[in-house]
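Reader: I would like to go through a structure feature by feature. Where do we begin?

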Amino acid sequence: MNTTEYTYEGAVFEIAYDVIKCDDPRKKWVSIWSITHNDVEFFDILGKDLIKHLEEQLDKTLEN
């Protein structure tokens, strides 16, 4: 498990994610499984498109 912080309109969210790897070591992706703010879970109420966007942003961050 990995965590990172994401700030949106002044609110700091903690994102918990895993980096998934397959047989090809060059292929990996991020899977978010928790988004919290002040110990309140937001993952289940956020849209799938927003979660996918955050996963893509984390992928880009990890590549650098």
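Author: Rolling a probe the size of a water molecule over the atoms shows where empty space is left. A pocket here is an open set of points on a 1 Å grid over the protein atoms alone, where a 1.4 Å probe fits, with protein on both sides within 12 Å along at least five of seven lines; lining residues have an atom within 4 Å of a point. In this predicted model, local features need pLDDT of at least 70 and side-chain atom pairs pLDDT 80 or more, while totals for chains, interfaces and linings use all residues. Residues are numbered from 1 along each chain, and side-chain values use heavy atoms, without hydrogens and water.

Reader: Which residues line the largest pocket?

Author: Tyr 6, Tyr 8, Phe 13, Ile 15, Ile 35, Phe 42, Leu 46, Leu 50 and Leu 54. Two or more lining residues come from each of β1 (2–8), β2 (11–21) and α1 (48–63).

Reader: How much space lies in the largest pocket?

Author: About 150 Å³, where a volume is the space filled by probe spheres set on the points, joined across faces, edges and corners.

Reader: What pattern does the protein chain follow along the sequence?

Author: Helices (H or I, at least four residues) and strands (E, at least two) are DSSP runs, numbered from the N terminus. The pattern is β-β-β-β-α, with one helix and four strands.

Reader: What share of the residues is buried?

Author: Buried means under 20% relative accessible area (1.4 Å probe, protein chains only). Of the 64 residues, 23% qualify. The C-alpha trace spans about 35 × 25 × 20 Å along its principal axes.

Note on methods. Buried < 20%, exposed > 50% of the residue type's maximum accessible area, 1.4 Å probe, protein only.
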